[in-house]
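Visitor: Could you take me in for a close look at the place where the two chains meet?

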Amino acid sequence: MSGKLLEREREVEVAWTPSASRFIPNGAAVAAIISAMLGLITLAVVNLGTAASKAFNEWVHGIGKLWMPGAEGIGPYSGKETLSALVWIGSWIVLHVALRSRDLNLGRWLIVFLVGIGIATTLLWPPVFEYLAGH
Amino acid sequence: MNGNEHLDERREASTASLALVVGILIGSALAFVLATAPFSALLGAGQGAVPAMFHGLAAFLYLFVGTIGLYLAWRLWTGRIRAFADLQLLATVSATFSLLAIVFGNWLYIYYRAKDSGSPRSWFMANMPVVHKIFFEFKEFIALFTLPLTVAAAFILWYYGAQVLDRKWMRYTVAVILALSFFYLVVAFGLGAAVTKLKPA
């Protein structure tokens, strides 16, 4: 692998690359995509919850008001962004530590990621979440 | 001494000189506009004109960078990419512009959803509720998809470097993520532009 990589680096312009002699397991890549998916699913689920429950909507707005400048004017959207970002970054740290030294089936995880992104997108289409929220 | 020696010289322009040229060009254009045009009229009369300018600027620059990134993502997918360094850089710049567009979008959102009757949301709810209830609400959420997607792509490209090139599924993964982020960018950009055209903040 290292000889092939060195050859690659001579052929292709690369801004930065880790040591060519060290094979890096793909677990860190899986952690990066799955955590992004989890953050976006969180966004969709939290939004569904705010559409279904006024009390939850106020709680979510309160989360945004804890730290985000202008959150009073931004509304519950500030809390939805906050919770989504927390799950994204938090799960990324946990998954990175857990998976970085493992070599996984990346193709399978890419499909999981695509399905998750598709579910998040569908849940965020207003006619869908309004229907599920009982409106 | 060979008179053609200068023709054989192969020296890349430094990043500092490139930044200087770009700075001078943008500075000259801005100075010309500010000296000759009614700048406030250019921004618009709405209360949210300034955040709208920053939000639109960040989104527009992101669209430029994202378009080139999409092309390089396709080259990565096929395994025939030479400008890998450019893709590493563009993925990072895309993530930065995505973050800036979201931050300025938050600022603009305050004016969009203001309670007074002149705010865009009040106007849409009174005249065209479907624009707010479906298109704007969808736009505000899917615009957020671009940040984790571009950050994940940039992370993989820098963390694995040239190792991405010889690993088929890693190439596919980065290419798919960048293509998806471009899709979400274009939908959010299009809906945002349409909403702004109907009722600026």
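Guide: The contact draws 41 residues from chain B and 39 residues from chain A, with two residues counted as touching if their C-beta atoms, placed from the backbone, lie within 7 Å. On the chain B side, the elements giving two or more residues are α5, α7 (129-142), α8 (146-160) and α9 (168-198); helices here are DSSP runs of H or I, at least four residues, numbered from the N terminus. That side splits into 30 nonpolar, five polar and six charged residues, where Ala, Val, Leu, Ile, Met, Phe, Trp, Tyr, Cys and Pro count as nonpolar, Asp, Glu, Lys and Arg as charged, and the others, Gly among them, as polar.

Keep in mind that this is a predicted model: local features need pLDDT of at least 70, side-chain atom pairs count only at 80 or more, and totals for chains, interfaces and linings use all residues. Residues are numbered from 1 along each chain as its sequence is written, and chains are lettered from A and ligands numbered from 1 in the order written.

Now zoom in on Ile33(A). Leaving out residues up to four places away in sequence, Ile33(A) touches Trp109(A) and Phe113(A), plus Ala152(B), Thr173(B) and Ile177(B). Ile33(A) is also among the residues touching the most other members of the largest nonpolar core, which has 90 residues. Such a core is a set of buried Ala, Val, Leu, Ile, Met, Phe, Trp, Tyr and Cys residues joined through C-beta atoms within 7 Å; buried means 20 or more other C-beta atoms within 10 Å of a residue's own. Helix α2 (residues 27-52) of chain A supplies the largest share, 15 residues. Since 20 of the 26 residues of α2(A) are buried, the helix is largely enclosed by the rest of the structure.

Key
A residue is buried if 20 or more other C-beta atoms lie within 10 Å of its own, exposed if 12 or fewer, and partly exposed in between; C-beta atoms are placed from the backbone.
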